Amino acid sequence: MVDEKKVNQVVDSRNGVEHGDTSGDAPGYELPLLLFAGFRSLIDQLHAELARQGHPDVRPAHGFAMQAIGLDGATAATVGRRLGVSKQAAGKTVDRLTALGYAERTADPTDARRKLVRLTPHGLDALARSARIFDELRARWSATLGPGRLRALETDLRTVTPPDAFTLDAEGWLGGP
């Protein structure tokens, strides 16, 4: 919200329908905004609950990075590739996770020249709690929308989403290198 108004105050000049008018099809720009708002709502609720459960320093980027590190560990370059960011950007996130006690750098047993990033018990706890909280949040959506409608929404989103859509290529989205 900005000044008690929704941020996007665009009027669709093709048919005179203002944002939020439910008399016909919604303007095309509303779909990505609604999808983002739903995503943001879930992520904000997750992080509020994680903070209550002992993980106040975890940020959304940290959760994605911990998923990219995985149970077997990964190099910073692999984390960057999985997230769709540079090795340097991944390294900065790994540095932060290490400083917060969620990850640690260890020697790679297969190549002494490389360092692996591994999750600590604290990092694994944050991921396990996140999974439980996401299940609770999904259950709330199911109670609100109805189980059939939520399953249909998930199925429909899987249908229109490319299989490789889970790469978080933020640089690509924002026109970076």
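**The strand pair and the rest of the chain**

Strand S3 (residues 103–108) pairs with strand S4 (residues 111–119) in the antiparallel sense, over six bridges. Two strands pair if DSSP finds at least two bridges between them. S3 and S4 form a hairpin, and two residues lie between them. Ala103 has Leu119 of S4 standing opposite. In a regular strand the side chains alternate between the two faces of the sheet.

This is a predicted model, in which local features need pLDDT of at least 70 and side-chain atom pairs count only at pLDDT 80 or more, while totals for chains, interfaces and linings use all residues. Residues are numbered from 1 along each chain as its sequence is written, and side-chain values use heavy atoms, with hydrogens and water left out.

The chain holds seven helices and four strands. Helices (H or I, at least four residues) and strands (E, at least two) are DSSP runs, numbered from the N terminus. Along the sequence, the pattern is β-β-α-α-α-α-β-β-α-α-α. Of the 177 residues in the chain, 27% are buried, where buried means under 20% relative accessible area, exposed over 50%, and partly exposed in between (1.4 Å probe, protein chains only). Among contacts in the chain with a separation of 6 or more, 49% come from residues 24 or more positions apart. Contact means heavy atoms within 4.5 Å.

Helix H2 (residues 60–69) is the next stop. Its buried residues are His62, Gly63, Ala65, Met66, Ala68 and Ile69. The buried residues of H2 pack against H3, H4, S3, S4 and H5. Just after H2 comes Gly70, with a positive phi of about 75°.

Why does His62 count as buried? His62 counts as buried because its relative accessibility is 10%. Leaving aside neighbours within four places in sequence, His62 is in contact with Asp57, Thr93, Arg96, Leu97 and Leu100. With Asp57 there is also a polar contact: the side chain of His62 reaches the backbone oxygen of Asp57 at 3.4 Å. A polar contact is a pair of N or O atoms within 3.5 Å; within protein, one must be able to donate a hydrogen and the other to accept it, and residues adjacent in sequence count only if both atoms are side-chain atoms.

Two further helices, H3 (residues 76–83) and H4 (residues 87–100), have axes that come within 8 Å and cross at roughly 110°. H3 is therefore roughly perpendicular to H4, a label for angles of 65 to 115 degrees; those under 35 count as roughly parallel, over 145 as roughly antiparallel and the rest as oblique. Axes are lines fitted to C-alpha atoms, for helices over the stretch in contact, and angles run from 0 to 180 degrees between N-to-C directions. H3 contributes Ala76, Ala77, Val79 and Gly80 to the contact, and H4 contributes Lys87, Ala90 and Gly91. These residues divide into four nonpolar, two polar and one charged. Ala, Val, Leu, Ile, Met, Phe, Trp, Tyr, Cys and Pro count as nonpolar, Asp, Glu, Lys and Arg as charged, and the others, Gly among them, as polar.

Helix H5 (residues 121–145) includes Ser142, and Ser130 is also found in H5. Ser130 counts as buried because its relative accessibility is 11%. Its contacts, leaving aside neighbours within four places in sequence, are with Leu46 and Leu50. Ser142 is buried, with a relative accessible area of 14%. Not counting residues up to four places away in sequence, Ser142 touches Pro147 and Leu150.
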